[in-house]
Amino acid sequence: MTGILTARELPAKSKAFDLLFAGALTLFFGLISLTQEHFGGILGLLMLVPLIWRRTHPELIFFGVSAVAVFQWLIGIHLQGGNVGLLVALYAISVYGEVRYSRIALAVGGMGVLMATARYNTSSDWRQQATMMVSLGALVFGIWAFGERRRTRGMYVQQLEERAAQLERDRDRESKLAVSNERTRIAREIHDVVAHGLSIMIVQADGGLYAADASPEQAKKALATIGDTGRASLTEMRKMLGLLKQDAQPSDVDPNQPRPQPGVSSLPELIDNVRQTGLSVDYEVTGTPRNLPALLGLTAYRIVQEGLTNTLKHAGPGARTSVLLDFGREMLTVVVTDDGRGAGLVPGSDPGHGLIGMRQRASISGGTVSAGPKTGGGYEVIAKLPYNLPAGGDQ
């Protein structure tokens, strides 16, 4: 009963149409019924006026109109114009009502055909009775089937609209996720560039400060290195920040290669820049070098860069650092070690953005990164990067 009594929501225009439609039927068929028989006309009005709510309460209206029709049959009043309300109510419940009540309404309509044939066709000719029964049955079933077809079509259209809306939501969600991933990638790039550049500049500034009195030439060299490092870092950071501009033209940014990316071939230059700070760095390549995908080369470069940055920040004075690139059969192994204080990270401490960034980069390339203090002192970073990128890893 809760489903029957619950009103459907309709727009104001639909309610106005229902009022006009029911009013037109009432004026036309109700007046015809009143001219035929006074009490029958009243029953006709009772079957027509409720049609105003045929879409908001289709089950309640159909069963109410059917009850009036049964009462009409019991007291022997003949069929009249007002009985068209029963057919309209049947159509309404087949379109707007619940499916189970629509099936019950069809059964009620079939029972009404039998009752009408038995009461209102008094001819003894069975052929006439069969003709009337088939005609009324075809009319009732046709109206119900037409309404059921409209219901099915409406549900199909609704499913298409919901699917289209869901696809649009999925597209928006994927678009936002892609933007978020790209911004995260750019933020990681900025962190690597800025952290590395600032570490070199700090080391050079400290060295220049101590050498200012004893060796002015060394101090000038340190200041020159600071300037060169700052300008290079600022230039690269500007390139990356340019990717964040919402009004960038397609010709400005190539989605497949947004800017020239460093790779393993750029490592000697990186190591030379670090050596200028006074840090001793040994660089070794083992195995057979090969051409690497751009993402894999960039990942290896950034891991080495972050490892050297950590050494500059945490290893202390006089530390020695080694960088090893091992081109194995299935993967590239990157090892950055130092013999300093090993204070880059201690077990249980906050890993910081640098190590998190290295692990994120490696995971995107399908690899792993392990980092921690070495036995006997120093710090070690080991990255294993498979040559075959995982699906979606190049995006």
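**Salt bridges in the predicted model**

Because D272 and R275 lie three residues apart in helix α9 (residues 267-275), about one helical turn separates them. Helices are DSSP runs of H or I with at least four residues, numbered from the N terminus. D272 and R275 form a salt bridge, with 3.4 Å between the closest N and O atoms; the term denotes a side-chain nitrogen of Lys or Arg within 4 Å of a carboxyl oxygen of Asp or Glu. D272 is partly exposed at 38% relative accessibility, and R275 is partly exposed at 37%. Here buried means under 20% relative accessible area, exposed over 50%, and partly exposed in between (1.4 Å probe, protein chains only).

The structure is a predicted model, in which local features need pLDDT of at least 70 and side-chain atom pairs count only at pLDDT 80 or more, whereas totals for chains, interfaces and linings use all residues. Residues are numbered from 1 along each chain as its sequence is written, and side-chain values use heavy atoms, with hydrogens and water left out.

Under the salt-bridge rule, the count is eight. One of these joins E148 to R103, whose closest N and O atoms are 3.1 Å apart. This pair connects distant parts of the chain, since E148 belongs to helix α7 (residues 126-214) and R103 to helix α6 (residues 99-120), 45 residues apart. E148 is buried, at 13% relative accessibility, while R103 is partly exposed, at 40%.

A salt bridge also joins the side chains of E98 and R100 (3.1 Å, N to O). E98 is partly exposed at 27% relative accessibility, and R100 is exposed at 53%.

Notes. Helix = DSSP H or I, 4+ residues; strand = E, 2+ residues; numbered from the N terminus.
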